[in-house]
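Hi,

Here's the structure I promised to pass on. Have a look at it first, and my notes follow below.

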Amino acid sequence: MADTGILESLLRLVDKVDGGIDSQVVASSLGVDHQVVVGAVKSVQALGEVIEAEQRSSKHWELTGEGQEIAEQGSHEARVFKAIPEEGLSQSQLMVESIEDVVRKKLQQVQMGHSSQLEEKEKNELKKRKLLTEVTVKSYWITKGSNFSTIITKQETELTPEMIASGSWKEKKFKPYNFDAMGVAPDSGHLHPLMKVRTQFRQIFLEMGFTEMPTNNFIESSFWNFDSLFQPQQHPARDQHDTFFLSDPAVAHDFPQDYLERVKKVHSEGGYGSQGYKYDWKIEEAQKNILRTHTTAVSARMLYKLAQQEEFTPVKYFSIDRVFRNETLDATHLAEFHQIEGVVADYGLTLGDLMGVLHQFFTKLGITKLRFKPAYNPYTEPSMEVFSYHKGLNKWVEVGNSGVFRPEMLLPMGLPEGVSVIAWGLSLERPTMIKYGINNIRELVGHKVNLQMVYDSPVCRLDS
Amino acid sequence: MPTVSVKRDLLFQALGRTFTDEEFDELCFEFGLELDEITSEKDIISREQGDQKASEASDVVLYKIDVPANRYDLLCLEGLVRGLQVFKDKMEAPRYSRVNPLNGDPQRLIITGETASVRPHAVAAVLRNITFTPERYDSFIELQEKLHQNICRRRTLVAIGTHDLDTISGPFTYTAKAPDDIRFKPLNQNQEYSATQLMGFYKTDSHLRHYLHIIEDEPLYPVIYDSNGIVLSMPPIINGDHSKISVNTKNVFIECTATDLTKAKIVLDMIVTMFSEHCDQPFTVEEAEVVYPDGRMVTYPVCIYLCMLLRLCICTVLISSESIAQLLTRMCLKSEVTSDGAEIQVEIPPTRSDVIHACDIMEDAAMAYGFNNITRTTPRTYTVANQFPLNKLTELLRLDLATAGFTEALTFALCSQEDIADKLQKNLKDTKAVHISNPKTAEFQVARTTLLPGLLKTLAANRKMPLPLKLFEISDVVLRDESTDVGARNSRRLCAVYYNKTPGFEVIHGLLDRVMQLLEVKPGRNHGYYIQAAEDSTYFPGRCAEIFSHGKSIGRLGVLHPDVINSFELTMPCSALDIDIEPFL
């Protein structure tokens, strides 16, 4: 803010004149630079309706550098004339005896602020000679405002404890707030959007009475990841192209031996009402350690454990955790992603039950329109892809996979014959990308994440 | 999932009606197929090679249809049409039969003992008096290719050879010979090559080079001769030119050599059931005899109908057994309710190798009924939910760390060896890391043994953000551990970093104090927590401390070593906290 002295001098000048005064006039009468007056005008304006200031522009003439030199020392011609020595040049070369330096006089007139005494033509000629230049000056026409006063009351920016204590706030004027500006961002930490969605999915499963499985084992044997699920050893998913194998530790040990024998038998010879795959099942394939390709490996361990109970009890299990695929990477595929999985085991569960549970689950995600497509999966039969109608895309899109675990998987574990197990799965990344409008998965997962996106991400309510 | 490409008009002609794209898509959906793409040869070429090359190509509309991976009977136009027609009650499923040749003398394929080490199995059959058209011929070749890519596992398990029977004469011999002893003119070539030369020749062939590895290092290569010494094929690489089939071929000799006999039988059944449709006697296939080295003789193709009994108690749809029998018949599974009404007798045709259990039959019944016509029910299963304690603790801590002003990062569990060793100034051998044998890039060499590199890389990717940067992650690392069945275990870690113009050790130390407060561990030597100066090459000398809780070391904190900061392409001082949270369960 300009100092109060200038402000008050300005106000006194405004007070004296009728109908207003130009800021340039103020500047010259106060003997200060015009910019100082402009600053003072703005400061006073900020105090409320003390003055009104209307911007206007005026033109005037000023000397250029060369023009100034001429005004001081005379025109070039005159200076030549003066420079002629006493003894002189030959008379014949000197056309005049004396000169009148008109250019200098005209420039001096302009310099003294009397440019109006010159004719336009004269001024333009001097302008062409680059001795004069026309300058536009922005100034204010200042008049009294509705709240005019020659005394400056300083406006307070903020309420202080002292004002509250003394009651002085009652007399103070407060500077208005600019409500168009943004506030200051709170100094806080932020949760990652994918993890916020994970929390919501956990919540949904817990609301539905599902118990969380211990999925903190990224390294799995092919046995639990594939063989126990009745996935044959020549299945393409077990290829080097699809699965990460380990070189160290390369193989797993300590399989439940009699269960392993039953698994081997159902693959190679059949049994439990099945023809089996009829191939030479090899323990060496089953022993190979891998990075688990699905959390269903944990479901298999859990169901096997359940089958070892004295008496079967119905269970509902869920998990959300990382799985790994040695696949070609693109904008929507990474080598690791989170799988969401739900499993229900009970006597007499039907396909209708699976669809009913899926309907309840997806309703909690805000998806109510579902339909089911027959699909193929080595360890579920029937297998169903879950589709939901996407209003934005105007078509049915796949939102998950589901099925009833095959008897060739369940019976060798020792689960009672009448028990069926229904299950479904989906990825955590896909609904999150849709929810937060992210097209490239690398912007969401991994170290290349944009922290600003994390800072800015809204709360996650999947059903709204 | 295999994709089958069929000409739309040809498909509609065979189905006896036309569909809009939407109608056909709907039909596919019900039948478990997916109309993946509607395109044309022209479209495909113009997309892959540019408009100019496409100008000559056909613009006949193609449907690309995704077929479930176990339905080999739907991999060609013939099979798709048959499946859909029976499904829509437009025709009855055909009856496939194996017949004797008219002269009573079946073709014979003799397997010699030499094949045992390289590719021991072979099966064969004859399609007699077949009529090809250009479309049928293309479909025949395409089916073999689809089978090769799928059930045959890129020819490793089974390789198919089809031959013009009228150009060769049996009996045929399937043997194995040294590569230099095999000489023949391969398919579509003008001169003879030895097998050794051929393997070199095909090294640059965009298609065949993918199969060379199957036999390349074998001392003996498989080869099939006719009685005159003509080479039919050198499986699984290439057929001979002499016996190649054409549109005009009338009699086709089919051989499949294999390392997996079950799959060879299925593949042969698929080819003959699909294309016997075009024989003078439709749906019949002429048998061939295969003689094993031990003198055993087996007649192929198997081509049999299996019977399965379906007990109704496992039915998932509450409808009558008669209706179920009808539904199954529409899925090419001819069914009858048994006389006592308690069971359904189902006949599995040779085309349905995917049916191996009653549950497969029930799926077909449900499909024919329509998945979306099944009433959705709620199971009465009563359970009480429990959280996994480690995840419960993680969830609670995450929330409080964010409340403490730190932002959550989410980094990859896989990384390079360099990330966990060199860049942290550690020796890889000391990391207890598990190693991946087949990473496609260095980013997937190991599972991380610490969360720190991921957080430092997150900082590096966000150097433009205003300072200070305060990040945390609570997630699993993987460590070798002999005591588990797989020899490794996860460990749940909490890691946090503070990145600013000053190291901020006090900030990260304050975070440790806060975490301990949250975990109800008080400062103190015996029953609380304390930190103690430690040497650690990742940290700046004299600026690292080990953290002990209840007398046990749980992790470290300190100011990172400038060389570590540099190796992660960072420029500011950085302090870090890295602890195991499993002791606090």
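Keep in mind that this is a predicted model. I'll start with a spot in chain B: B:Gln425 is partly exposed, with a relative accessible area of 31%. This residue sits in the loop between helix H12 (417-420) and strand E22 (435-436) of chain B, and its phi is positive, near 60 degrees, although it isn't a glycine. Chain A has a case of this kind too: A:Tyr272 has a positive phi near 55 degrees. You'll find A:Tyr272 in the loop between helix H11 (257-268) and helix H12 (283-287) of chain A, partly exposed at 36% relative accessible area.

Why flag these? Most residues other than glycine have a negative phi, and most peptide bonds are trans.

One joins A:Glu381 and A:Pro382, with omega about -5 degrees, and A:Pro382 lies in strand E13 (residues 380-390) of chain A. Another links B:Pro235 to B:Pro236, with omega about 0 degrees; B:Pro236 is in the loop between strands E12 (231-234) and E13 (238-239) of chain B.

Last, a helix pair in chain A. The axes of H4 (residues 65-73) and H6 (residues 102-111) come within 8 Å and cross at roughly 110 degrees, so H4(A) and H6(A) are roughly perpendicular to each other. The crossing is left-handed. On the H4(A) side the contact includes A:Gly67, A:Ile70 and A:Glu72, and on the H6(A) side A:Val103, A:Arg104 and A:Leu107 are among the residues they meet. By class, the contact has 4 nonpolar, 5 polar and 2 charged residues.

Cheers

Conventions: Residues numbered from 1 in each chain as written. Chains lettered and ligands numbered in written order. Predicted model: local features only at pLDDT ≥ 70, side-chain atom pairs only at ≥ 80, totals over all residues. Heavy atoms only, no water. Axes fitted to C-alpha atoms, helices over the stretch in contact; angles between N-to-C directions. Helix = DSSP H or I, 4+ residues; strand = E, 2+ residues; numbered from the N terminus. Parallel < 35°, antiparallel > 145°, perpendicular 65-115°, else oblique. Left-handed = near helix turned anticlockwise from the far one by under 90°. Contact = heavy atoms within 4.5 Å. Nonpolar A, V, L, I, M, F, W, Y, C, P; charged D, E, K, R; others polar. Buried < 20%, exposed > 50% of the residue type's maximum accessible area, 1.4 Å probe, protein only.
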